[in-house]
Amino acid sequence: MLGAVGAALRRLDADDRVVVAFSGGVDSAVLLDALARSWPRERIHAWHVHHGLQPQADEWLAHCAREAGRLGVHFGATRVDAPVARGINIEGWARDARYRALWAAVAASRASALLTAHQADDQLETVLMRLSRGSGVGALAGMLPAQRRAGGWLLRPLLAVPRERVVAYARARGLAWIDDPMNDDPGYLRVALRTRVIPEWTKAVPALRENVLRSAQWLREGGRALRDLAERDLREAGLEDGARALDRRALAALSAVRRDQAVRAWFGALGATMPPRKRLAEWVEQMLVADSAHAEFVHERWRFRRYRDRIEVDAAASRDAAALPVPFTFRWHGEPEIALPGWGGHLRFSPSARADSLDAEWLAAQPLALRAARGVDRLRPRAGGPSRTLKNLFQERGIPPRLRATMPALQGGGRVLYVAGIGMDRSGAPVPPNGQGIDVSWRVDAADDPRAAFPDPGPPV
C-alpha cells in the first residue's frame, strides 16, 4: 500500500499540499492512513463532503473529523444540499457535487493535488457500467491513475490495488471505518454489478478482474494513439498555439472516423463534454458539409461559427457587434499611434514615401471620425482603380459577416480613409513634393481576438 501511494506522490514536489477525499469508508480510510505515513502530515488536508442523503450523515462527519485528528492531519468538510426535484440521478448528482466541493477545497488550501481512493474493483465496476451503457473507447479505458486537471493533479494511488488487499491493510492497521447503506442497495447499477453480476461472472472466469483491467489498459493505450492522431489532424488544420480557428477543408478531407475523432479532440481541448453521436453529426453537417456560406452551432458555453472554409469558436456569451463603442471624432496631432481600448486595438500613423498615401498636413487639418465599417461604404484600394463597396471587399478578403461591423473605419474629408482588415483608400490627391505621406493601419491588442486573423493586406503595387 505504501509503495502504491509513494509512486503516486512522486509526481509532486516535496513541499506540495494535498487534499484527500475522505468519506470515512474503508478505501479512503486506508488511503489517508498510508498517506499520513508517506507525506508530511501538516501538508495533508482530509476533506469530507456531507451530502445529507443518509440519517447517519452527521455521525459520519464527526467520525471523519476524529480520524483526521488521530492521524494529525488537517480536516475540512463541505455540506451540500440534496436535490429536491424528482427524477434526479442521485449517483450522478452526488458525484458532481462531491467533485465540485473537493476541487474548491484544493483551491482554498492551495494544494497541488486531489487524491481519491478508487481501487481496482471500483475500476472493474466502472468499466462494466460504461460497457453496459454503450460508451466509447475513451470511457471504456476506465479511470486514469493520474490526470492533470485545471485545478491540479487528480491522483488515484490505489487504482491497481484489489479490494481484498485494501480491507486486509485496514484490519492489520486497526483502522475504523463506516459503511454507507447505499453500497448495499441493488437498485444502483454499481451495487448490482458488485453484489450479483461480478460474483457470478467470476465463477465462470476466475481472472475476470485482471482480464477486464488488462483490456482497459489496452484501450487506454489505443485511445492515446487516437488522441495523438486527432491532435495532429487539428494542427494540420491550423489549430495550434492557442488558435481558436481552423480550415474546415482539412477536416472534411479526412475519413468519417478520423474526422469525428478530431472533432471530439477539439471539444475535449475546450473542456466541453463529448457530444452524443447525433449531436456530433449535426455539428459535422453544419460546420463541414453544408453548402451555405456561414453557419453557427452552440454546444454548452461554446459557439462555433463558420464562414466559407474557416471555423471559429468562442465563448457563447462573448461580445458581438451590438456592444461595440459608439462612433467618436478626434483630431490627429502627429501621434504615431492612438490607443482605442473600447475597440480592442491601436490605430497607427506611419510615415510613407508613397504618392497615394495621405498628406500629413491635410490629415492634421481634418476632423476625423472612427466608427464601425458599413457594407454600403465605398473605398478605392488602388489609385486609379474603381471604388468598391466594403461588403464586396470584405467578401473578397473572407472576413465573416459577424466581424465586419467590428472593424473600425476612419472617415475624414467626406470619405472613408481607412478600414481595418482592408486597408487605405487610395483616391486622394497626391502628396506634395515636399510633403510627408502617412499610411494608416490597425493593430488588434489580443492575440486570440478573431479579428487578428485578418490583418491589413499590404499596399497595392
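This is a predicted model: local features need pLDDT of at least 70, side-chain atom pairs count only at pLDDT 80 or more; totals for chains, interfaces and linings use all residues.
In which sense do strand E1 and strand E2 pair, and over how many bridges? Strand E1 covers residues 18-21, and strand E2 covers residues 44-50. The two pair in the parallel sense, over four bridges. Look for Val 19: His 45 in E2 stands opposite Val 19.

Now the whole sheet. E1 and E2 belong to an open sheet of six strands. Read across, the order is E3-E2-E1-E4-E6-E5. The pairing is mixed. At the edges stand strand E3, residues 74-79, and strand E5, residues 146-149. Each has a single partner strand, so one side of each is left without a neighbour in the sheet. Neighbouring strands here are turned against each other by 25 degrees on average, direction ignored.

Next, a helix on those strands. Helix H2, residues 26-36, lies across E1, E2 and strand E4, which is 113-115. H2 runs at about 155 degrees to E1.

Last stop: a pair of helices. Helix H11 is residues 256-270, and helix H12 is residues 277-289. They pack at an angle of about 100 degrees, with their axes 11 Å apart. Angles of 65 to 115 degrees count as roughly perpendicular, so H11 is roughly perpendicular to H12.

Which residues make the contact? From H11, we have Arg 259, Asp 260, Val 263, Arg 264, Trp 266 and Phe 267. From H12, we have Leu 280, Trp 283, Val 284 and Leu 288. By type, that contact has seven nonpolar residues, three charged and no polar.

Note on methods: Residues are numbered from 1 along each chain as its sequence is written. Side-chain values use heavy atoms; hydrogens and water are left out. Two strands pair if DSSP finds at least two bridges between them. Axes are lines fitted to C-alpha atoms, for helices over the stretch in contact, and angles run from 0 to 180 degrees between N-to-C directions. Contact means heavy atoms within 4.5 Å. Angles under 35 degrees count as roughly parallel, over 145 as roughly antiparallel, 65 to 115 as roughly perpendicular and the rest as oblique. Ala, Val, Leu, Ile, Met, Phe, Trp, Tyr, Cys and Pro count as nonpolar, Asp, Glu, Lys and Arg as charged, and the others, Gly among them, as polar.
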